[in-house]
Amino acid sequence: DFDIVALGEPLVELNQTSQDQRQYLQGFGGDTSNAVIAAARQGARCAYLTRVGDDAFGAQFMALWRDEGVDTSGVEVDAAAHTGLYFVQHGPDGHAFSYLRRGSAASLMTPASLDGGLIERARFLHVSGISLAISTSACDTVFAAIARARAAGVQVSLDSNLRLRLWPLDRARAVLREALCHADLFLPSMDDMQHLTGNDDPERTLDWIRDAGATGVVVLKLGKDGSIIDDGKTRTPVAALRVDAVDATGAGDCFAGSLLARRCQGDDWADAVRYANVAAALSTLGYGAVDPLPRAEQVLAKLRG
Ligand code: KDG
């Protein structure tokens, strides 16, 4: 059985490590894949559901997940489609992504891709706004996964991960509103919510989320200002760890995966969020979404220090 089964699209990453040279470091990304690898590095038993191309990048991902101890029995290989790719560019305002992913294998997933029965064997299903955005069949697949999870008593975790390159704001708002009603844990970032609601006040944002129908726990991520846990009764702020970030790509995914892993290990929400804040901060100290993801020993050492 699994602690966490995640569903979404892995993307090969080409990360610009220096602004004046045309040098890109190849790594790995894809928000839910990042999250599940982060969770595995914290000791969680994980599986990933996706579809990759029958190409060198798909094979690299299969090897990566196996090396990280992430179960790949639910990964489909599509001979007629490619594994997606993205570029990370760094500038004065932080990082930006460009995608080469249209028609990718993962975007061709259908609800039948879930028939292996992995979701039913998990404690948490983890999905995201990106999993919902990449295509209508992927969107259907996410809602089918959520329905399967709920029918089996598996908790649903949803990260907002709004990417406006992938879908129009109105559709994003409508679909995320629908999805968040079915989430036991909703993980929005303040940046995403500002786009979705037009306001930049955390308290009013949490009110909006409750009015939209959220009944589970909501953890609103405020970047370097930490996060707020709203369990439906009380709202608890948790401070972040300040670090000199090199590349924040994947920090939110590290937060999600670490939080779920620690919940599965018995932490209460405040302890799990405190842990996840530290893990996410550590993940920004190197380039790439996956390579700098910390392991449990590093996070625990930082928490003790
Ligand atoms: O959260 C980081 C991800 O956004 C990155 O790894 C690429 O999955 C990705 C996406 O679709 O933006």
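How far is an oxygen atom of the ligand from an N or O atom in the side chain of Y86? The distance is 2.9 Å. The legends below all refer to a predicted model.

Figure 1. The side chain of Y86 places an N or O atom 2.9 Å from a ligand oxygen. Taken alone, the ligand exposes 320 Å², and the protein buries 98% of that area. N34 also takes part through its side chain, with an N or O atom 3.1 Å from an oxygen atom of the ligand. D31 uses its backbone instead: an N or O atom there lies 2.9 Å from a ligand oxygen.

**Figure 2. The shell around the ligand.** The shell holds 13 residues. Y86, Y99, R101, R163 and D253 come nearest to the ligand. By class, five of the shell residues are nonpolar, four are polar and four are charged. Two elements, α1 (31-41) and β8 (94-100), each contribute at least two residues to this shell.

Figure 3. The disulfide count for the model is zero. C254 is in no disulfide either; its nearest cysteine sulfur, that of C46, is 12 Å away. C46 is buried, at 2% relative accessible area. C254 is buried too, and its value is 0%.

**Figure 4. H126 in strand β9.** H126 sits in β9, which spans residues 122-128. What joins the side chains of H126 and S157? A polar contact of 2.8 Å does. H126 has a relative accessible area of 3%, so it counts as buried, the cut-off being under 20%. Beyond its neighbours within four places in sequence, H126 contacts I4, V5, A6, L7, T32, A35, S157, D159, A256 and L260. I209 is 83 residues from H126 along the chain, and their C-alpha atoms are 19 Å apart.

**Figure 5. T83 in the loop between β6 and β7.** T83 belongs to the loop that runs between β6 and β7 (84-91). Its side chain forms a 2.7 Å polar contact with the side chain of D55. The T83 side chain also reaches the backbone nitrogen of G58, at 3.3 Å. With neighbours within four places in sequence set aside, the contacts of T83 are P10, V52, G53, D55, F57, G58 and F61. T83 is buried, at 6% relative accessible area.

**Figure 6. A80, in the loop between β6 and β7.** A80 is found in the loop between β6 and β7. Is A80 buried or exposed? A80 counts as exposed because its relative accessibility, 76%, lies over 50%. A80 and A105 are 25 residues apart along the chain, with 7.9 Å between their C-alpha atoms.

**Figure 7. T72 in the loop between β5 and β6.** T72 is located in the loop between β5 (70-71) and β6 (75-78). T72 is in contact with M62, W65 and R66, leaving aside neighbours within four places in sequence. The residue is buried, with a relative accessible area of 12%.

**Figure 8. Q89 in strand β7.** Q89 lies in β7. At 27% relative accessibility, Q89 counts as partly exposed. A polar contact of 3.0 Å links the side chains of Q89 and Y24. Not counting residues up to four places away in sequence, Q89 touches Q16, Y24, G94, H95, A96 and S98. T215 is 126 residues from Q89 in sequence, and 37 Å separates their C-alpha atoms.

**Figure 9. The backbone at N161.** N161 occupies the loop between β10 (155-159) and α5 (169-180). Its phi is positive, about 25 degrees, although N161 is not a glycine. Most residues other than glycine have a negative phi. N161 counts as buried, at 8% relative accessibility.

Technical notes:
Residues are numbered from 1 along each chain as its sequence is written. This is a predicted model: local features need pLDDT of at least 70, side-chain atom pairs count only at pLDDT 80 or more; totals for chains, interfaces and linings use all residues. Side-chain values use heavy atoms; hydrogens and water are left out. A residue is near a molecule or strand if one of its heavy atoms lies within 4 Å of it. A polar contact is a pair of N or O atoms within 3.5 Å; within protein, one must be able to donate a hydrogen and the other to accept it, and residues adjacent in sequence count only if both atoms are side-chain atoms. Accessible areas come from the Shrake-Rupley method with a 1.4 Å probe; for residues, only the protein chains shown count as cover. Helices (H or I, at least four residues) and strands (E, at least two) are DSSP runs, numbered from the N terminus. Ala, Val, Leu, Ile, Met, Phe, Trp, Tyr, Cys and Pro count as nonpolar, Asp, Glu, Lys and Arg as charged, and the others, Gly among them, as polar. A disulfide is a pair of cysteine sulfur atoms within 2.5 Å. Buried means under 20% relative accessible area, exposed over 50%, partly exposed in between (1.4 Å probe, protein chains only). Contact means heavy atoms within 4.5 Å.
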